[in-house]
Amino acid sequence: MEEEAEKLKELQNEVEKQMNMSPPPGNAGPVIMSLEEKMEADARSIYVGNVDYGATAEELEAHFHGCGSVNRVTILCDKFSGHPKGFAYIDFSDKESVRTSLALDESLFRGRQIKVIPKRTNRPGISTTDRGFPRSRYRARTTNYNSSRSRFYSGFNSRPRGRIYRGQARATSWYSPY
């Protein structure tokens, strides 16, 4: 029993040593970058739009090879179907390559006229879809009481008569589930 406990402790120590060791250089995993590093990397990248769906990264690299050395070509795909979305990002080794690659804007690639612009940096907290308020709530309801005629009639009461119940429907006394 004691021997098994000692073997178990030795195995645990070996596993902890392996966990504390740095990962091998070929398998770095996800890299967390600061905002400045992202902006610097995006300054060396371009967006390529209207890319043919059958295009490969090697073909895009060959098309932009004359602009400078290409570090990485990223073709984005739909996460559900796996089909390409029709645009790509190309990362160069220097910023001068971005300027020369802009000359290939509106050039033909696999029979399609591509769009080439510098890549923009996404800033945290800024969204193009965020309108500042929840879209499903606070939506104005149009009724006949708030029509455009109501401002011309001074005696017109814009509030409906009777009781107004807000929120969930009220339970009536006649309803019984049994």
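Predicted model: local features only at pLDDT ≥ 70, side-chain atom pairs only at ≥ 80, totals over all residues.
Residues are numbered from 1 along each chain as its sequence is written, and side-chain values use heavy atoms, with hydrogens and water left out.

Student: How many salt bridges does a search of the whole structure find?

Tutor: Side chains of opposite charge can pair when their charged atoms come close. A salt bridge is a side-chain nitrogen of Lys or Arg within 4 Å of a carboxyl oxygen of Asp or Glu. By that criterion, the number found in the whole structure is 7.

Student: Is Arg 44 buried or exposed?

Tutor: The side chain of Arg 44 forms a salt bridge with that of Glu 40, at 3.1 Å from N to O. Buried means under 20% relative accessible area, exposed over 50%, and partly exposed in between (1.4 Å probe, protein chains only). Glu 40, at 38%, is partly exposed. Arg 44 has a relative accessible area of 16% and is therefore buried.

Student: How many residues apart in sequence are the parts that Asp 52 and Arg 110 tie together?

Tutor: The side chains of Asp 52 and Arg 110 meet in a salt bridge of 3.4 Å, N to O. Asp 52 lies in the loop between strand S1 (45–49) and helix H3 (57–63), and Arg 110 in the loop between strand S4 (108–109) and strand S5 (112–113). Helices (H or I, at least four residues) and strands (E, at least two) are DSSP runs, numbered from the N terminus. The pair therefore ties together parts whose separation in sequence is 58 residues.

Student: Which residue forms a salt bridge with Arg 99?

Tutor: Arg 99 is exposed, at 53% relative accessibility. The closest N and O atoms are 2.6 Å apart, and the partner is Glu 96.

Student: Which side chain does a polar contact of 2.5 Å join to that of Ser 97?

Tutor: Ser 97 lies in helix H4 and is buried, at 3% relative accessibility. A polar contact is a pair of N or O atoms within 3.5 Å; within protein, one must be able to donate a hydrogen and the other to accept it, and residues adjacent in sequence count only if both atoms are side-chain atoms. The side chain of Ser 97 reaches the backbone oxygen of Cys 67 at 3.4 Å. The side chain joined to Ser 97 at 2.5 Å is that of Asp 94.
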